[in-house]
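The sequence and structure are shown first.

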Amino acid sequence: VIRKPEEDIVATGSLLLNKKGKYAFTLDHTENQLLQMLQNMKKGPLTLSIELPEEKTDAIFNTGTLSFFTLQVKRKLAVSYEQNKFHFDIHFTIPIHLTEKHFTFDIRNEAPKLEAEINQQLEKQMKALITKIQEHEIDPIGLGLYARGYQYKAWEGVQDDWGHALSEAEVNIHIHTEIKNMGETI
């Protein structure tokens, strides 16, 4: 999605289309990065900001925000077919480098707690994106290719209506982050 507010052209997100080529919904910048992670297509650095509800206050600035980048995302995907529906388990291993945080937290001594909160928030964001994808019965992730490759007999029966089969599938996201670096401003 691009727009031209004044002189410059600005990219504001991505459009997803259904199999008939009609508009399904729009992804914002963060959802676009999450989709690239789900597709296992993200090459190069990835920068994300998340809000940690436990750290949010009523201050003028958003004090619950944490920003980080990663240079690589490792994805493992498993597919099965049970109880007349597909089950996808997607595991991510993400080494992160913190760049900014607007709250007090002893990262050196409590890194596992912060990592667990980051995992939880990233899982929540990815699950929300997958819910949108399933509601619109589209497959920009390419899960149908895995279903065909690993559960061919089950996929063969739904190949003509894969979007609907995916909408009924169970998709589980598992994120494991590890803080590798705390940056200069942390």
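Helices (H or I, at least four residues) and strands (E, at least two) are DSSP runs, numbered from the N terminus. The model is a predicted one, in which local features need pLDDT of at least 70 and side-chain atom pairs count only at pLDDT 80 or more, while totals for chains, interfaces and linings use all residues. Residues are numbered from 1 along each chain as its sequence is written, and side-chain values use heavy atoms, with hydrogens and water left out.

**Overall architecture**

The chain has 5 helices and 9 strands, and its elements follow the order β-β-β-β-α-β-β-β-β-α-α-α-α-β from the N terminus on. Along the principal axes, the C-alpha atoms fill a box of roughly 55 × 45 × 30 Å. Of the 186 residues, 39% count as buried; buried means under 20% relative accessible area, exposed over 50%, and partly exposed in between (1.4 Å probe, protein chains only). Contact means heavy atoms within 4.5 Å. Among contacts between residues at least 6 apart in sequence, 64% join residues at least 24 apart.

**Selected residues**

| Residue | Relative accessibility | Class |
|---|---|---|
| Glutamate 31 | 14% | buried |
| Glutamine 125 | 24% | partly exposed |
| Asparagine 40 | 34% | partly exposed |
| Glutamate 137 | 36% | partly exposed |

Glutamate 31 belongs to helix H1 (residues 29-39). Setting aside residues up to four places away in sequence, glutamate 31 touches Thr26, Leu129 and Lys132. Glutamine 125 is located in helix H2 (residues 107-135). With neighbours within four places in sequence left out, glutamine 125 contacts Thr30, Leu34, Ser49 and Ile50. The C-alpha atoms of glutamine 125 and isoleucine 50 are 9.2 Å apart, although 75 residues separate the two along the chain.

Two non-glycine residues have a positive phi: asparagine 40, at about 65°, and glutamate 137, at about 55°. Asparagine 40 is in the loop between H1 and strand E5 (46-51), and glutamate 137 is in the loop between H2 and helix H3 (143-150).

**Aromatic pairs**

Rings of Phe, Tyr and Trp (its six-membered ring) pair if their centres lie within 6.5 Å; planes under 30 degrees apart count as stacked, over 60 as edge-to-face and the rest as tilted. The structure holds 6 aromatic pairs. In one of them, the rings of phenylalanine 88 and tryptophan 162 have centres 6.5 Å apart and planes at 85°, so the pair is edge-to-face. Because phenylalanine 88 lies in strand E8 (residues 85-101) and tryptophan 162 in helix H5 (residues 162-167), the pair ties together parts that are 74 residues apart in sequence. Phenylalanine 88 and tryptophan 162 are both buried. Ring pairs link Tyr81, Phe86, Phe88 and Trp162 into a cluster.

Arginine 148 lies over the face of tryptophan 155, at 5.7 Å from the ring centre; a charge sits over a ring if NZ of Lys or CZ of Arg is within 6 Å of the ring centre and within 35 degrees of the ring normal.
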